[in-house]
Amino acid sequence: MFKNYFLVTIRNLRKNGFYSFINITGLAIGITCSILILLWVFDETSFNKFHPKYDRLYQVWVNAKFDGKISSWTSVPLPTYEAMKTADASIKRAAVTDWGGTHLLTVGDNRLMKKGYFASEEFLEMFEFTLLKGNATQVMDDPKSVIITEATAQALFGNEDPINKVIRIDNENDLQVTGVLKNIPTNSSFEFDFLMTWKFREQVSEWVRKNTTNWGNYSFQVFVELDDPKNELAVEKNIRMLLQEHGETETKPEFFLYPLSRWRLHGSFDNGVETGGMNDYVQLFTIIAIFIIVIACINFMNLATARSERRAREVGVRKSVGSRRIELILQFIGESTFIAFLAFVVAVLVAQLVLPYYNQLVDKKLFIDYTSGEFWLFAFGLIFITGFVSGSYPAFYLSSFQPVKVLKGKPTIGKGASTPRKVLVTLQFGFSILLIIGTIVIYQQIQLVKNREIGYDQENLMAVNYTNEVSKNYRPIKLDLLASGVVEAVTKSNSQITDINSNNFLGWPGKPEDLRVIFTTIATEYDYIKTMGIKLLEGRDFSEDFKSDTSAIIINKAALELMNLKDPIGTELDLWGGKRKLIGITENVLMGSPYDPVKPMFIVLDPEWIDVVTVRLKKTKDLQASVATVKGIFEKHAPAYPFEYRFADVEFQKKFTTINLTSQLASLFATLTIIITGLGLFGLAAFTAEQRTKEIGIRKVLGASVPSLVQLISKDFSLLVIISFVIASPAAWWLLTKYLERYTIRTDIAWWVFPVTGFIALAFALIIVSTQALRAAHANPATSLRNE
């Protein structure tokens, strides 16, 4: 029986090659899209799951009240680390870390800039990153130990055993390799190439030693391991008030535990409540993947039911010789499953071919793991579900024909037989219209934030790492740069212009006692405003001509509006227990999220609190030559470090990574969805024209013009597109309004987006249908009416 079903399926595929091609191609494109989307989704949802204690690890977060709202953040005071060890019996371990930044690692002639963390000895015991060499309980015992990844080991030592070898860090300290970690997985929230011990951090940093008992400096990350995740709420209750118990009462700060399982997909808070994160995009693209498959299945159902008359006699014959309806249903579902299998094979081959380009688009290293049981479960599940969904309606519909009526002639289908096909076509175009509108609106949102006034001049603005050697030789470096002829200005600061590394409180005359506002904090030296190209609205910049500027302060326009000072210049502001004289007001500078308003900011002179050197190059047609000149000067004064730089405009564009990805993926899959819909519409239009060949022939004989015949065939499809537009437009408006609510700075959904999208969809449908209608209208009526 199954052999017979298989032979019939092959015979039908050959006999109806055109429609088989449309079915397989449509399903293959749909499955390819779904595979690519779900690879991304699975990667996002797999983050951090490789940790054996995935369900028992938490980060200590803080909730605090500012300006009537609750703010949430990850940085805590250093004493939190020791306090967690004894705060609750259910806390099995606690660890503290601090992002060490990029460091110079030197072994012989090998010099590498690598990312490193400082971490306490409990870190590896808790997170259990795989150690290829060394013991997790011992590798961090010696303060001068360093644990490196296998890639770092290979780069520094080649094939030699790195254990007990010495690495020079930042050309100052020698650390001994005591462990080698397996390369950190790409789906990890931690990204580092090596680990240094917390004991070493305490030895080399006076700042860390000073903060060991300071509950007011929120600059460290603390993690805890619970003995049982069920105890989370009880532990939170015991640790919640620790900050207030140690004198931090002004903002009513409270600790809470945030589980590792939510770090990647969630982590966004509004007024102390978790509001979303990457999970929103995961859900969005999962829904898109499902809808694309459904649209591809709709093509199959439409064509199968439309061509039902062609197989009606086969059904009648099978029933007359004893076939039961269930057997016919199984046959038709089996055919659709076989087509789904062929489509899946094609889809996997296409997905494998385009995966390198797709990885560039999503900035990941995705791959299809053919050895994974989950992949084959997904494959068989997708083939079966796709085959069943696409074949179920045709199977039940075809198997319902009565053999007596069928074998006498054509089955009586009735006027309502085409209704399901019309509903399915409407659904297809409705989803396509929704995706087109979504793509346009997301593009508008991107353009809105990209075209915001940023408050400084990005052109030719270059940031260079502030290494130990640069710190020692900064003055001669600056003088040489200014004398080089290619540099316009030089400054140094605690963060580059596209980042915010520090926030602090600031007081002013008339400030309400209960008002607590966080100010973006810039610590710099002279020429900061000049180098960045920031507009000065009032007052002046810091100047070496005024020795008192070491206790001066500059604020931005947002800060002035908050303070509501009528005559601001000369006002004394309260900062860190002292007074600062206000000497200047700058334009607002966009340093943080481009989707949020610019925050109040202040700038102070502090040449010791520095992380980056910023160089403004003169305008030139040969930018690379200017960069080479700057490189030569830095290498002259800081030869131990490789010269690394970043341009401000490139760094600024990185702020749009997520929304750009959303836009690109939405555009890509909207285009493919339209192609799938177009394939199905093409096949359906071809069959409709074929079915009405005799009617068209009669109308031509009676004098009907070609345009009227085209209109005759096209009007039903046009009506379906219009109905789908009417349904999809309000749904798109509601969904996009909800989507845009996540952005404080957001675009309005323009009214013209809807008619333009409707016109595009209608024109697309008419072009496809008209090609078949014209072919039928130009056919010779003598040929179609030959047998009448």
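This is a predicted model: local features need pLDDT of at least 70, side-chain atom pairs count only at pLDDT 80 or more; totals for chains, interfaces and linings use all residues.
D541 is buried, yet this aspartate has no salt bridge. The nearest side chain of opposite charge belongs to R540, and it is 7.1 Å away.

**Around D541**
- You can find D541 in the loop that runs between β18 (536–539) and β19 (552–556).
- Leaving aside residues up to four places away in sequence, D541 touches D527, Y528, I529, K530, L536, D549, I554 and I583.

- Rolling a probe the size of a water molecule over the atoms shows where empty space is left.
- Four cavities of 30 Å³ or more are found in the structure.
- The second largest cavity holds about 100 Å³ of space.
- Its lining is made up of M113, V464, N465, T467, V470, F634, A638, Y641, P642, F643 and E644.
- Sorted by class, that lining has eight nonpolar residues, two polar and one charged.

**An open space: the second largest pocket**
- About 930 Å³ of space lies in the second largest pocket.
- This pocket is lined by 35 residues, and L284, I287, L434, L735 and L736 are the closest to its centre.
- Two or more lining residues come from each of α10 (278–306), α15 (419–450), α22 (657–691) and α24 (706–740).
- Helix α10 gives the largest share of this lining, with eleven residues.
- The pocket lining counts 23 nonpolar, eight polar and four charged residues.

Key. Residues are numbered from 1 along each chain as its sequence is written. Side-chain values use heavy atoms; hydrogens and water are left out. Helices (H or I, at least four residues) and strands (E, at least two) are DSSP runs, numbered from the N terminus. Buried means under 20% relative accessible area, exposed over 50%, partly exposed in between (1.4 Å probe, protein chains only). Lys and Arg count as positive and Asp and Glu as negative; His and the chain ends are not counted. A salt bridge is a side-chain nitrogen of Lys or Arg within 4 Å of a carboxyl oxygen of Asp or Glu. Contact means heavy atoms within 4.5 Å. On a 1 Å grid over the protein atoms alone, a cavity is a set of points where a 1.4 Å probe fits but cannot get out, and a pocket is an open set with protein on both sides within 12 Å along at least five of seven lines; lining residues have an atom within 4 Å of a point. Grid points are joined across faces, edges and corners, and a volume is the space filled by probe spheres set on the points. Ala, Val, Leu, Ile, Met, Phe, Trp, Tyr, Cys and Pro count as nonpolar, Asp, Glu, Lys and Arg as charged, and the others, Gly among them, as polar.
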